[in-house]
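Dear colleague,

I am passing on a structure that I would like you to look over. The entry itself comes first, and my notes on it follow below.

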Amino acid sequence: MQTDALVIGGRTLTSRFFIGTGLFPNPYVQKEAIKASGAEVLTFAIRRINLAATEDDSILQHLEGENYVYLPNTSGARTAEEAVRIARLARASGLSDWIKVEISVNERTLLPDPIETLKATELLVKEGFTVLPYTSDDPVICKRLEEAGAAAVMPGASPIGTGLGILNPYNIGLIVEEANVPIIVDAGLGSASDVAQAMELGVSGVLMNTPVAKAKDPVRMAKAMSLAIEAGRLSYLAGRIGKKKYASASSGLEAFKLK
Amino acid sequence: MDLVINGENQQLEQVRTVYDVIEKLGLSGKPVVAEADGNVLTAEQWADTPVYSGMKIELVHFVGGG
(Lines give C-alpha, C1' and ligand atoms only; values in the text may rest on other atoms or scores of the structure.)
Protein backbone atom coordinates (compact mmCIF):
# COMPACT_ATOMS: atom_id res chain seq x y z
CA MET A 1 0.00 0.00 0.00
CA GLN A 2 1.27 3.47 -0.83
CA THR A 3 1.88 5.90 2.02
CA ASP A 4 -1.02 8.05 3.02
CA ALA A 5 0.41 10.96 5.00
CA LEU A 6 -1.46 13.98 6.31
CA VAL A 7 0.57 17.18 6.13
CA ILE A 8 -0.68 20.42 7.67
CA GLY A 9 1.38 23.60 7.86
CA GLY A 10 4.47 21.68 6.79
CA ARG A 11 4.10 19.12 9.56
CA THR A 12 3.52 15.46 8.78
CA LEU A 13 1.00 14.06 11.23
CA THR A 14 0.91 10.44 12.33
CA SER A 15 -2.78 10.51 13.25
CA ARG A 16 -5.94 11.83 11.60
CA PHE A 17 -7.57 12.26 15.00
CA PHE A 18 -7.58 15.76 16.51
CA ILE A 19 -8.81 15.53 20.07
CA GLY A 20 -10.22 18.19 22.36
CA THR A 21 -9.25 18.43 26.02
CA GLY A 22 -12.46 19.74 27.60
CA LEU A 23 -15.13 17.98 29.67
CA PHE A 24 -13.18 14.88 30.72
CA PRO A 25 -14.16 13.55 34.14
CA ASN A 26 -10.60 13.94 35.45
CA PRO A 27 -7.00 14.44 34.25
CA TYR A 28 -6.17 10.74 34.53
CA VAL A 29 -9.03 9.62 32.27
CA GLN A 30 -8.17 12.43 29.89
CA LYS A 31 -4.56 11.37 29.62
CA GLU A 32 -5.49 7.73 29.08
CA ALA A 33 -8.12 8.66 26.48
CA ILE A 34 -5.63 10.80 24.57
CA LYS A 35 -3.20 7.90 24.63
CA ALA A 36 -5.87 5.48 23.39
CA SER A 37 -6.89 7.89 20.63
CA GLY A 38 -3.40 8.00 19.17
CA ALA A 39 -4.04 11.70 18.51
CA GLU A 40 -1.10 13.97 17.96
CA VAL A 41 -3.00 17.28 17.69
CA LEU A 42 -4.64 18.48 20.91
CA THR A 43 -7.01 21.44 21.14
CA PHE A 44 -7.29 23.88 24.02
CA ALA A 45 -9.10 27.07 24.93
CA ILE A 46 -7.66 30.28 26.37
CA ARG A 47 -9.27 31.71 29.49
CA ARG A 48 -8.51 34.23 32.19
CA ILE A 49 -6.73 32.79 35.20
CA ASN A 50 -8.91 32.66 38.30
CA LEU A 51 -6.85 34.79 40.67
CA ALA A 52 -8.89 33.60 43.64
CA ALA A 53 -7.62 30.05 43.11
CA THR A 54 -4.30 30.15 41.30
CA GLU A 55 -3.42 26.64 42.39
CA ASP A 56 -5.98 25.46 39.82
CA ASP A 57 -4.32 23.00 37.52
CA SER A 58 -3.35 24.23 34.12
CA ILE A 59 -4.31 21.61 31.57
CA LEU A 60 -0.77 21.45 30.28
CA GLN A 61 0.93 20.09 33.35
CA HIS A 62 -0.75 16.72 32.88
CA LEU A 63 0.48 16.39 29.32
CA GLU A 64 4.12 17.27 29.70
CA GLY A 65 6.78 15.21 28.08
CA GLU A 66 4.78 14.14 25.02
CA ASN A 67 5.36 15.34 21.50
CA TYR A 68 1.94 16.86 20.81
CA VAL A 69 0.94 19.60 18.40
CA TYR A 70 -1.00 22.24 20.32
CA LEU A 71 -4.01 23.70 18.57
CA PRO A 72 -5.44 26.45 20.76
CA ASN A 73 -8.89 27.74 19.77
CA THR A 74 -10.39 31.21 19.86
CA SER A 75 -13.62 30.09 21.53
CA GLY A 76 -15.34 32.92 23.34
CA ALA A 77 -14.56 35.29 20.46
CA ARG A 78 -17.59 36.94 18.87
CA THR A 79 -15.71 38.99 16.28
CA ALA A 80 -12.62 38.67 14.10
CA GLU A 81 -10.89 41.26 16.26
CA GLU A 82 -11.46 39.24 19.45
CA ALA A 83 -10.26 36.08 17.72
CA VAL A 84 -7.04 37.77 16.62
CA ARG A 85 -6.42 38.94 20.18
CA ILE A 86 -6.88 35.43 21.57
CA ALA A 87 -4.64 34.01 18.84
CA ARG A 88 -1.85 36.43 19.74
CA LEU A 89 -2.16 35.49 23.41
CA ALA A 90 -2.00 31.82 22.49
CA ARG A 91 1.12 32.29 20.38
CA ALA A 92 2.83 34.33 23.11
CA SER A 93 2.81 31.16 25.21
CA GLY A 94 5.61 29.96 22.94
CA LEU A 95 3.88 26.58 22.61
CA SER A 96 2.40 26.84 19.13
CA ASP A 97 1.67 29.09 16.20
CA TRP A 98 -1.29 26.95 15.15
CA ILE A 99 -4.69 28.46 15.79
CA LYS A 100 -8.21 27.14 15.41
CA VAL A 101 -10.38 30.13 14.54
CA GLU A 102 -13.71 29.67 16.29
CA ILE A 103 -16.13 32.59 16.32
CA SER A 104 -19.73 32.18 17.48
CA VAL A 105 -22.37 34.66 18.44
CA ASN A 106 -25.47 32.54 18.94
CA GLU A 107 -25.12 30.77 22.29
CA ARG A 108 -27.89 28.28 21.55
CA THR A 109 -26.40 26.90 18.33
CA LEU A 110 -22.75 27.97 18.69
CA LEU A 111 -22.73 27.94 14.91
CA PRO A 112 -19.68 29.69 13.48
CA ASP A 113 -19.97 33.18 12.01
CA PRO A 114 -18.46 32.58 8.58
CA ILE A 115 -17.93 36.26 7.74
CA GLU A 116 -15.96 37.04 10.90
CA THR A 117 -14.16 33.70 10.52
CA LEU A 118 -12.99 34.67 7.04
CA LYS A 119 -11.82 38.09 8.26
CA ALA A 120 -9.90 36.56 11.16
CA THR A 121 -8.34 33.94 8.89
CA GLU A 122 -7.06 36.62 6.50
CA LEU A 123 -5.56 38.66 9.35
CA LEU A 124 -3.94 35.70 11.11
CA VAL A 125 -2.45 34.25 7.93
CA LYS A 126 -0.79 37.65 7.35
CA GLU A 127 0.64 37.47 10.87
CA GLY A 128 2.23 34.12 10.11
CA PHE A 129 -0.08 31.80 12.04
CA THR A 130 -0.94 28.30 10.83
CA VAL A 131 -4.69 28.86 10.65
CA LEU A 132 -7.33 26.12 10.88
CA PRO A 133 -10.74 27.79 10.78
CA TYR A 134 -13.81 26.04 12.14
CA THR A 135 -16.69 26.96 9.86
CA SER A 136 -20.08 25.89 8.56
CA ASP A 137 -20.45 23.03 6.11
CA ASP A 138 -20.81 25.38 3.18
CA PRO A 139 -18.65 24.56 0.14
CA VAL A 140 -18.34 28.22 -0.91
CA ILE A 141 -17.13 29.54 2.44
CA CYS A 142 -14.75 26.58 2.78
CA LYS A 143 -13.21 27.49 -0.58
CA ARG A 144 -12.94 31.14 0.42
CA LEU A 145 -11.11 30.15 3.61
CA GLU A 146 -8.69 28.03 1.60
CA GLU A 147 -8.04 30.99 -0.73
CA ALA A 148 -7.43 33.18 2.32
CA GLY A 149 -4.53 30.90 3.24
CA ALA A 150 -6.01 28.45 5.75
CA ALA A 151 -3.68 25.49 6.33
CA ALA A 152 -6.73 23.23 6.68
CA VAL A 153 -10.45 23.97 6.72
CA MET A 154 -12.72 22.51 9.39
CA PRO A 155 -16.42 22.39 8.55
CA GLY A 156 -18.81 21.28 11.28
CA ALA A 157 -20.86 18.10 10.93
CA SER A 158 -23.59 19.56 13.18
CA PRO A 159 -23.59 22.00 16.11
CA ILE A 160 -20.89 21.61 18.77
CA GLY A 161 -21.58 18.95 21.37
CA THR A 162 -24.84 17.74 19.81
CA GLY A 163 -23.67 14.33 18.58
CA LEU A 164 -26.13 14.64 15.70
CA GLY A 165 -23.56 13.38 13.21
CA ILE A 166 -23.20 14.63 9.64
CA LEU A 167 -26.35 16.59 8.80
CA ASN A 168 -25.31 17.27 5.22
CA PRO A 169 -23.05 14.54 3.86
CA TYR A 170 -23.58 15.86 0.34
CA ASN A 171 -21.98 19.18 1.31
CA ILE A 172 -19.08 17.54 3.14
CA GLY A 173 -18.40 15.42 0.05
CA LEU A 174 -18.48 18.49 -2.20
CA ILE A 175 -16.16 20.41 0.12
CA VAL A 176 -13.63 17.56 -0.10
CA GLU A 177 -13.89 17.35 -3.89
CA GLU A 178 -13.24 21.07 -4.28
CA ALA A 179 -10.46 21.38 -1.70
CA ASN A 180 -6.72 21.72 -2.18
CA VAL A 181 -6.03 21.77 1.56
CA PRO A 182 -6.93 19.11 4.14
CA ILE A 183 -10.56 19.12 5.29
CA ILE A 184 -11.12 18.19 8.93
CA VAL A 185 -14.67 17.58 10.15
CA ASP A 186 -14.95 19.45 13.40
CA ALA A 187 -17.90 19.31 15.80
CA GLY A 188 -21.15 17.39 16.00
CA LEU A 189 -19.93 13.82 15.58
CA GLY A 190 -21.40 11.39 18.08
CA SER A 191 -20.08 7.90 17.61
CA ALA A 192 -17.77 5.65 15.61
CA SER A 193 -20.28 5.27 12.77
CA ASP A 194 -20.38 9.06 12.27
CA VAL A 195 -16.61 9.09 12.16
CA ALA A 196 -16.41 6.27 9.62
CA GLN A 197 -18.96 8.11 7.47
CA ALA A 198 -16.92 11.32 7.60
CA MET A 199 -13.75 9.49 6.60
CA GLU A 200 -15.56 7.65 3.79
CA LEU A 201 -16.62 11.03 2.43
CA GLY A 202 -12.91 11.68 1.98
CA VAL A 203 -12.12 14.12 4.73
CA SER A 204 -8.51 14.15 5.92
CA GLY A 205 -9.32 13.91 9.61
CA VAL A 206 -11.80 14.60 12.38
CA LEU A 207 -11.74 16.79 15.47
CA MET A 208 -13.74 15.56 18.45
CA ASN A 209 -14.09 16.34 22.10
CA THR A 210 -17.56 15.81 23.62
CA PRO A 211 -18.28 12.35 22.12
CA VAL A 212 -15.11 11.02 23.72
CA ALA A 213 -15.03 13.01 26.95
CA LYS A 214 -18.71 12.47 27.76
CA ALA A 215 -18.94 8.82 26.71
CA LYS A 216 -19.60 6.39 29.56
CA ASP A 217 -16.08 5.05 29.02
CA PRO A 218 -13.99 7.79 27.41
CA VAL A 219 -10.86 5.66 27.03
CA ARG A 220 -12.70 2.89 25.20
CA MET A 221 -14.55 5.43 23.03
CA ALA A 222 -11.25 7.10 22.11
CA LYS A 223 -10.00 3.76 20.86
CA ALA A 224 -13.28 3.11 18.98
CA MET A 225 -13.03 6.49 17.25
CA SER A 226 -9.44 5.88 16.26
CA LEU A 227 -10.36 2.51 14.72
CA ALA A 228 -13.30 4.15 12.91
CA ILE A 229 -10.95 6.75 11.46
CA GLU A 230 -8.66 4.02 10.19
CA ALA A 231 -11.52 1.91 8.82
CA GLY A 232 -13.22 4.86 7.17
CA ARG A 233 -10.00 6.09 5.62
CA LEU A 234 -9.14 2.64 4.22
CA SER A 235 -12.67 2.27 2.90
CA TYR A 236 -12.43 5.65 1.17
CA LEU A 237 -9.08 4.79 -0.39
CA ALA A 238 -10.24 1.31 -1.38
CA GLY A 239 -13.29 2.70 -3.19
CA ARG A 240 -16.71 1.39 -2.26
CA ILE A 241 -19.08 -0.36 -4.67
CA GLY A 242 -21.86 1.55 -6.29
CA LYS A 243 -25.39 1.26 -4.90
CA LYS A 244 -27.86 -0.77 -6.99
CA LYS A 245 -31.58 -1.19 -6.72
CA TYR A 246 -31.69 -4.98 -7.24
CA ALA A 247 -29.71 -8.00 -6.11
CA SER A 248 -26.73 -9.48 -7.91
CA ALA A 249 -25.62 -12.95 -6.83
CA SER A 250 -22.18 -13.47 -5.37
CA SER A 251 -21.68 -16.94 -6.82
CA GLY A 252 -21.66 -17.35 -10.46
CA LEU A 253 -23.36 -18.75 -13.39
CA GLU A 254 -26.98 -19.58 -13.82
CA ALA A 255 -26.08 -22.68 -15.87
CA PHE A 256 -24.43 -24.52 -12.96
CA LYS A 257 -27.20 -24.04 -10.42
CA LEU A 258 -28.72 -27.22 -8.95
CA LYS A 259 -32.17 -27.63 -10.32
CA MET B 1 0.03 49.91 43.56
CA ASP B 2 -3.52 49.72 42.21
CA LEU B 3 -3.83 47.55 39.12
CA VAL B 4 -6.77 46.16 37.16
CA ILE B 5 -5.99 42.48 36.72
CA ASN B 6 -8.45 40.33 34.78
CA GLY B 7 -11.05 43.02 35.18
CA GLU B 8 -10.72 43.30 38.96
CA ASN B 9 -9.02 45.92 41.09
CA GLN B 10 -5.97 44.54 42.85
CA GLN B 11 -3.61 46.27 45.22
CA LEU B 12 -0.09 44.89 45.08
CA GLU B 13 2.87 46.20 47.02
CA GLN B 14 6.42 46.48 45.66
CA VAL B 15 5.80 45.68 42.05
CA ARG B 16 7.73 47.47 39.31
CA THR B 17 7.25 45.23 36.29
CA VAL B 18 4.83 42.67 34.91
CA TYR B 19 7.32 40.04 36.02
CA ASP B 20 6.95 41.23 39.64
CA VAL B 21 3.15 41.08 39.36
CA ILE B 22 3.22 37.51 38.13
CA GLU B 23 5.60 36.51 40.88
CA LYS B 24 3.52 38.28 43.52
CA LEU B 25 0.42 36.40 42.41
CA GLY B 26 2.23 33.08 42.74
CA LEU B 27 2.13 32.38 39.02
CA SER B 28 5.82 32.31 38.14
CA GLY B 29 6.91 29.05 36.55
CA LYS B 30 3.37 28.37 35.34
CA PRO B 31 2.31 28.54 31.69
CA VAL B 32 0.84 32.01 31.87
CA VAL B 33 0.42 34.56 29.11
CA ALA B 34 0.21 38.26 29.95
CA GLU B 35 -1.27 41.23 28.16
CA ALA B 36 -0.58 44.74 29.46
CA ASP B 37 -2.68 47.64 28.19
CA GLY B 38 -3.73 45.57 25.20
CA ASN B 39 -0.20 44.52 24.23
CA VAL B 40 0.49 40.79 24.28
CA LEU B 41 3.81 40.04 25.97
CA THR B 42 6.12 37.09 25.63
CA ALA B 43 7.62 35.84 28.90
CA GLU B 44 10.93 37.48 27.95
CA GLN B 45 9.23 40.89 27.90
CA TRP B 46 7.73 40.67 31.40
CA ALA B 47 10.76 42.03 33.24
CA ASP B 48 11.13 44.90 30.76
CA THR B 49 7.51 46.02 31.01
CA PRO B 50 7.01 48.52 33.84
CA VAL B 51 3.64 48.72 35.53
CA TYR B 52 1.91 51.90 36.68
CA SER B 53 -1.12 52.68 38.80
CA GLY B 54 -4.35 51.86 36.98
CA MET B 55 -2.69 49.64 34.37
CA LYS B 56 -4.90 46.96 32.85
CA ILE B 57 -3.32 43.52 32.89
CA GLU B 58 -4.81 40.29 31.56
CA LEU B 59 -3.38 36.97 32.70
CA VAL B 60 -4.57 33.93 30.76
CA HIS B 61 -3.75 30.26 30.43
CA PHE B 62 -4.74 27.19 28.44
CA VAL B 63 -7.77 25.29 29.65
CA GLY B 64 -9.55 22.24 28.30
CA GLY B 65 -11.44 22.90 25.08
CA GLY B 66 -12.36 21.45 21.73
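Phe44(A), in strand β4 (41–48) of chain A, stands opposite Pro72(A) in β5(A), where strands, like helices, are DSSP runs numbered from the N terminus (E, at least two residues, for strands; H or I, at least four, for helices). Please bear in mind that this is a predicted model, in which local features need pLDDT of at least 70 and side-chain atom pairs count only at pLDDT 80 or more, while totals for chains, interfaces and linings use all residues. Residues are numbered from 1 along each chain as its sequence is written, and chains are lettered from A and ligands numbered from 1 in the order in which they are written.

Within chain A, β4(A) and strand β5 (residues 69–72) pair in the parallel sense over four bridges, pairing being assigned if DSSP finds at least two bridges between two strands. Strand β3 (residues 17–20) of chain A also pairs with β4(A) in the parallel sense, over three bridges, and here Gly20(A) stands opposite Thr43(A). Six of the eight residues of β4(A) are buried (20 or more other C-beta atoms within 10 Å of the residue's own, with C-beta atoms placed from the backbone), so this strand is largely enclosed by the rest of the structure.

Turning to the other chain, β4(A) pairs with strand β5 (residues 56–64) of chain B in the antiparallel sense over five bridges, and Phe44(A) stands opposite Gly64(B) in that strand. Overall, 27 residues of chain A are in contact with 23 residues of chain B, contact meaning that the C-beta atoms of two residues, placed from the backbone, lie within 7 Å. The elements giving two or more residues to the chain A side are β4(A) and α2 (80–92) of chain A, and β4(A) gives the most, with six residues. That side divides into twelve nonpolar, twelve polar and three charged residues, with Ala, Val, Leu, Ile, Met, Phe, Trp, Tyr, Cys and Pro counted as nonpolar, Asp, Glu, Lys and Arg as charged, and the others, Gly among them, as polar.

Elsewhere in chain A, helix α4 (residues 139–147) and helix α5 (residues 169–178) pack at an angle of about 30°, with their axes 9 Å apart; axes are lines fitted to C-alpha atoms over the stretch in contact, and angles run from 0 to 180 degrees between N-to-C directions. The two helices are therefore roughly parallel to each other, a label given to angles under 35 degrees. Pro139(A), Cys142(A) and Lys143(A) in α4(A) meet Asn171(A), Leu174(A), Ile175(A) and Glu178(A) in α5(A).

With best wishes

Definitions and conventions. Angles under 35 degrees count as roughly parallel, over 145 as roughly antiparallel, 65 to 115 as roughly perpendicular and the rest as oblique. A residue is buried if 20 or more other C-beta atoms lie within 10 Å of its own, exposed if 12 or fewer, and partly exposed in between; C-beta atoms are placed from the backbone.
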